[in-house]
Amino acid sequence: MENMSAKLSKLFSKYAEEFKELNEYLYNNPELGLQEFKACAAHTEMLKKHGFTVETNFAGLPTSFMGKYSTGKPGPKVAILAEYDALPGIGHGCGHNIFGVTSVAAGILTKEIMGDVAGEIMVIGTPAEETNGAKVQMAALGVFDDIDVAMAAHPTGEAHHRSGTSQAMEAIQFTFKGKTAHAAGAPHEGINALDGVLILFNSINALRQQTLETARIHGVISNGGKAANIIPDLAVANFYVRAKTLDYLKGLVERVKNCAKGAALASGTTLEIINYETSFADLVTNEKLSAAYEKNLKSLGVTDIRSKESGGSTDMGDVSHCCPAIHPYFPLTTAHLTGHSVEFASASIVPEAYKGMEESAISMALTAMDIFTDAELLKEIKDEFNKNVKKM
C-alpha cells in the first residue's frame, strides 16, 4: 500500500498543473445548474486526453457525461461522481469547481495504476446538484443499479470528514389565488391571497413544536402581491421540508400540505401545490466502504478525520439507495469555512486547497483498487447495502 500511495503521489504531482488549470478555469467561469457547458467540455477533454472513453449528453442531460476506462477484463464497476454547478451571485460558493476536478483526478489516478486488474473505473458528470439534482434522474433511469460502489468527495474547511448522513428533502411551492379589490375603498369585495400565505406560515410555525428536532421546514414568500393598495389575488410561498429519513419525510410533507389546505379554507382562497425542484433522498453511508476510504486516508498520514452530520440535502442520497455509496469531505483550509459564501469560493483556488484535494483523490483511487482486488471486502460492502437500504 505504501508503494502504491507513493506512486499515486508522484502521479498527482505529474498532473498537478493540469488539475490546477482546470480548477481555476472552472472558478473563473461559474455556470448555474444545467448550464455547465464549459465545465462539461473541460472535464471531458481532460478525461479523453488521459485515455477515457467519454459519452456526453449522458442520461439525456446536455451538461452531463460518462467517462469510462476498463482493462478489458470483467470485474467490479467503480463510479466517482463529479459536480461542477455554481450558485447565483457568488459563483462557486460551494466549491464544486474543485469537487469536479478532484473526481476527475481520482479517476485518472485510478486508471494509471490499474494495470491488468479486472474492473472498470467511471467518472460521471452530474450537473445541477444545487437545484434539480441530476443524480436523482440518473437514479430513476437505473444508471447506478449495476455499479458496485459510488464515491464523491466534497470540499469543506478545517479537516477531512468521514461520510455521514444528509436530510431527505422535498421542495414544495404553494400558490394561493383570490380576488383583487381596492384595499381601502372596497376590501370586502376582495379575497386576499396573501392571507393564505401568512396563515400557512403561522400554521407551520405551530407545527414545528410537534416535529422531530432533526426535521427542518423553511420557506420564503416569493410573491406577496404588487401594491399595498390592492388586495392581492395571487401569493406564492416556496418551502423546503427536510427529515433524516424518507419515511418520516413523507408523513411530514403531508402535515405541511394540510397546513396549506387549512390556510386556503380559512382565507377563502384556492390552492395549488407543486414540487418546484427535485426532491432528494437521505444519504445512507455504506460504513464498510467508508472505513476503506478512511484507512487509505490514514495511509497518507492524515490523522484528523472527523464526523460530519449534515443538516442539508444532496442528490448523492438517491445514489446511496441504488448502490453502496460514500460522500466524505476534504479540507480546503484548516480554518472554518461557511458554505455558500464568497469566502468558500475563494478558498477553493488557494495553494492550501490542493493538499486536501490530493489526499482525497489518492484515497478514492486506493479505495477503488481495494474494490477491484479484494472480493471479500466487496462482498461485505454489498451485504451491508442489502441489509440497510430499501430501494425506492
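Let's start at Thr367, which sits in helix H10, residues 353-373 (helices are DSSP runs of H or I with at least four residues, strands are E runs of at least two, and numbering goes from the N terminus). Keep in mind that this is a predicted model, where local features need pLDDT of at least 70, side-chain atom pairs count only at pLDDT 80 or more, and totals for chains, interfaces and linings use all residues. Residues are numbered from 1 along each chain as its sequence is written, and side-chain values use heavy atoms, leaving out hydrogens and water.

**Around Thr367**
- Thr367 is buried, with a relative accessible area of 0% (buried means under 20%, exposed over 50%, partly exposed in between, using a 1.4 Å probe and protein chains only).
- Leaving aside residues up to four places away in sequence, Thr367 touches Met151, Leu289, Ala292, Tyr293 and Asn296 (contact means heavy atoms within 4.5 Å).

**H3 against H10**
- Helix H3 (residues 96-113) packs on H10 at about 45 degrees, with the axes 8 Å apart; axes are lines fitted to C-alpha atoms, for helices over the stretch in contact, and angles run from 0 to 180 degrees between N-to-C directions.
- That angle makes H3 oblique to H10 (under 35 degrees is roughly parallel, over 145 roughly antiparallel, 65 to 115 roughly perpendicular, and the rest oblique).
- Residues making this contact include Ile98 and Leu109 of H3, and Met357 and Phe372 of H10.

**An annotated stretch**
- UniProt, in an unreviewed entry, lists residues 173-262 as "domain: Peptidase M20 dimerisation"; positions follow the numbering used here, feature names are shortened, and annotations may be inferred rather than shown by experiment.
- Over residues 173-262, the chain is 36% helix and 26% strand, and the end C-alpha atoms lie 16 Å apart.
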